[in-house]
Amino acid sequence: MRIDVLSIFPTYFDGLALSLLGKAQSSGILDLTVRDLRDWTSDRHRTVDDTPYGGGAGMVMKPEPWALALDDLASAAPSPSEQGPTIIFPSPAGEVFTQATARDLSTREHLIFGCGRYEGIDERVFEYASSLGEVRLISLGDYVLNGGEVATMAMIEAIGRLIPGVVGNPESLVEESHEDGLLEYPSYTKPSSWRDRPVPDVLLSGNHKAIAAWRRDQQIERTRARRPDLLADESED
């Protein structure tokens, strides 16, 4: 998979060179490139923002640097598909990012993330980007961040670990929170008793059928206590 990121703070993403995603890049499983949006400006101040039409607080990101950058990145893929890249803009006004979203995006050949700042990006950029590929505005949740970088990093990590070969044991992905609509069951390791807190007996029994049933019960109980909305969604289906 190829992932391109556009940001005015490219060093924000240095952490993606660590751990599993770093290894995936080194092995060629993931091709991740972060570019500075200011590289597509033409004035000596490398300006990417201007005052909003209609007045109001803050600044809005100018459309032309975005258009030039997206043109270059969309056409630079080694084997661009007929549909073009999937272009993602983190936005509190977008669809909510879920595990299902991550799994869907992990199957795409080319993702482009555009990290907005200030009061956002000129709306015409989204319209223009739709001529180059599929455009999706995606939100991490009902809150506002200073920019799109943190949201993009979270999405890349969630998506990247689902790419075949990134996680060493693919079976671990099946049992994680949200994969089956429920939260993950609790996990324990040695010692079997720690500070007067024992591991549940069933996990020491060697009875795999009983362990599986216990874990499923724990998933349902934990989901009911912490995220009852997920069970409500399941009952509506």
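**Notes on the predicted model**

1. Starting just past α1, G28 takes a positive phi of about 90 degrees. Helices here are DSSP runs of H or I with at least four residues, strands are runs of E with at least two, and both are numbered from the N terminus.

2. Some ground rules. This is a predicted model, with local features needing pLDDT of at least 70 and side-chain atom pairs counting only at pLDDT 80 or more, while totals for chains, interfaces and linings use all residues. Residues are numbered from 1 along each chain as its sequence is written, and side-chain values use heavy atoms, with hydrogens and water left out.

3. Back to α1 itself, residues 19–27: L21, G22 and A24 are its buried residues (buried is under 20% relative accessible area, exposed over 50%, partly exposed in between, with a 1.4 Å probe and protein chains only). Viewed down the axis of α1, they fall within an arc of 160 degrees, so they line one face of the helix; the arc is taken from the directions from the helix axis to the C-beta atoms. S19, K23 and S26 are exposed on the other side.

4. What do the buried residues of α1 pack against? They pack against α5, where contact means heavy atoms within 4.5 Å. α5 has 12 residues and reaches 16 Å from first C-alpha to last, close to the 16 Å expected (1.5 Å times one less than the number of residues). Its buried residues include M155, I156 and I159.

5. Y143 is partly exposed, at 47% relative accessibility. Together with F9, Y12, L145 and V150, Y143 makes a nonpolar surface patch of about 450 Å². Patch residues have over 30% relative accessible area and no salt bridge; like charges are joined within 9 Å, and nonpolar side chains (Val, Leu, Ile, Met, Phe, Trp, Tyr) within 5 Å. Areas come from Shrake-Rupley with a 1.4 Å probe, and for residues only the protein chains shown count as cover.

6. On to charges: the whole structure has nine salt bridges (a Lys or Arg side-chain nitrogen within 4 Å of an Asp or Glu carboxyl oxygen). One of them joins R2 and D4, with the closest N and O atoms 2.6 Å apart, and both residues are buried.

7. E95 and R136 also pair up, at 3.0 Å, N to O. E95 sits in β5 (residues 86–96) and R136 in β7, so the pair ties together parts 41 residues apart in sequence. E95 is partly exposed at 34%, whereas R136 is buried at 11%.
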